[in-house]
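I opened this one up today to see what I could look up. Here are my notes, in the order I made them.

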Amino acid sequence: MKLSLAIFSLALSLPATAFAQDSLQVVSSGEYPNTFSSGSANVSKFTQSSKRFNDWSVSFGGGVPLLQSADLTSIKNGNGKNLIGYSAYVSVDKAITHAFGINLQYDRGETRQGWFNTKDAAPANAAANGQYGARTQYDAISILGDINFSNLMRRVDNKSPYRWALHGYAGIGSIAYRAYLKDDTGQRLMTEIKPFKTLNFFGQAGAGLKYKINNRLDLEGRVMYVVTTDDQFDGGGEPYSAINRREDQVSDNFFNATVGLSLKLGKHDSHLMWHDPLQEIYYKLDVLAEKNQDIEVCKSGDADNDGVCDDWDRQLDTPAGARVDGSGVALDVDMDGVIDLYDKCVTVPGPVENNGCPTTPTNSGTVTEAETKLDGIEFDLNSDRILPSNTPILNNAVNYINSSNGAYTVVGTTDTRGSETYNQNLSEKRANSVKDYLIKNGVESTKLDAIGKGKKDLKYPECDPATKCPEWKNRANRRVYFEAK
């Protein structure tokens, strides 16, 4: 990860801070500023062509329906046996957000219920003994809401990839069916609801567990509970027939357990239901950090050529060659009133008449820790790359070391995660990376050496491997600092 969340937060806060300055002129229409009137060159409207994820998929599968709440059931009804039916489904799925979608689903199947399987011969005197077998062939179409609970409850600071997702489904639709009843007198059609002739509403709800096989295919196990809202679905015939008076409920309901596959459609690698919004932010930041193109900046000009546009510059007459901060003010490291460009002693305060140097000789003995130890040069996890935010600190170190007669040790450290060997090697790489930067920017190589202390020198020692520390403490432990020899 090239930019930390802290840098991202700082980047978001800068426009709001600058808007409070008297010299800022963002819009002239008198309207409130927004992302499209602020003049940003890196903001564009979201369109279908600009999205980086797929949001359509097709799902299909099959399973077993078991009539559970009815006068004739599939589970241990009468003779203690379970009668197994079959079902299949196909759906077209549209993801609205990373945590919610809508599915148009078609179901087809056959439930088997009662005393015996209708494929078998009926027992003798079945009708007289109330020993009926039944089956129901059904077709249903419904609209389901799909909630991705794994994305909904996923912590935004969890950067680990994941392959399992828990989904919840609920919706309504129309169901058509043909219910058959069999006894020793034979098999007969008891009830028929034809498709699109009569709107017979039903509802279903349940949960599914998805496993991401790859970027194109998911495997899902699903259990749904179907409420038919019809007392004739089980094959018992008219609402007040002898069979339908066995139980008091007026809706024959069943479980439907299925296993299926989801095929994700589109040209992108990632599907929205598996897409991590935080990773999208990191991607955008990386694109902006690496972007190298000519863009229009400083519409009002930069009169003093200090690199800060006049709209943002709080010091419009910065002397040529002076280094400035983000608001265009010339740097004065020791804050003695003499900017670094004219200060002969950049890190030691002194009066203006003595070019910023103290009028009494400075102590040539042991240099204090405050003068030699520069904390805050931090690194990303598992990285020895110097971040752009650290270069001002290192540039100050170049000036300080060049103005000093002493030699310094560049010390690299890590946080507590990882093995001793790995952290030792990583800390040495970090120290050498800073040393190389300083030499490249003008420090004599004879004034520097570099060592790594791994995870043995923690800024926050309470962050031992057994303690879970906040990320900002781990980041502070991943640092490089300087020690006078």
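This is a predicted model: local features need pLDDT of at least 70, side-chain atom pairs count only at pLDDT 80 or more; totals for chains, interfaces and linings use all residues.

Entry one, a helix pair. I looked up helix H5 (residues 391–402) against helix H6 (residues 420–440). Their axes are 10 Å apart, and the packing angle is about 60°. Is that parallel, perpendicular or oblique? Perpendicular would take 65 to 115 degrees, so I wrote down H5 as oblique to H6. The crossing of H5 and H6 came out right-handed.

Entry two, who touches whom. From H5, I found Thr-391, Leu-394, Asn-395, Ala-397, Val-398 and Ile-401. They meet Val-434, Tyr-437 and Leu-438 of H6. How many of the residues in this contact are nonpolar, polar or charged? My tally for H5 with H6 is seven nonpolar, two polar and no charged.

Where does Thr-229 sit? I traced Thr-229 to the loop between strand S9 (217–227) and strand S10 (253–265). Its relative accessibility is 47%, so I put Thr-229 down as partly exposed.

Asn-305 isn't a glycine either, yet its phi is positive, about 55°. I found Asn-305 in the loop between helix H3 (277–290) and helix H4 (369–372). Buried or exposed? Asn-305 has a relative accessible area of 68%, and exposed means over 50%, so I logged Asn-305 as exposed.

Notes. Residues are numbered from 1 along each chain as its sequence is written. Side-chain values use heavy atoms; hydrogens and water are left out. Helices (H or I, at least four residues) and strands (E, at least two) are DSSP runs, numbered from the N terminus. Buried means under 20% relative accessible area, exposed over 50%, partly exposed in between (1.4 Å probe, protein chains only). Axes are lines fitted to C-alpha atoms, for helices over the stretch in contact, and angles run from 0 to 180 degrees between N-to-C directions. Angles under 35 degrees count as roughly parallel, over 145 as roughly antiparallel, 65 to 115 as roughly perpendicular and the rest as oblique. A crossing is left-handed if the near helix is turned anticlockwise from the far one by less than a right angle, and right-handed if clockwise. Contact means heavy atoms within 4.5 Å. Ala, Val, Leu, Ile, Met, Phe, Trp, Tyr, Cys and Pro count as nonpolar, Asp, Glu, Lys and Arg as charged, and the others, Gly among them, as polar.
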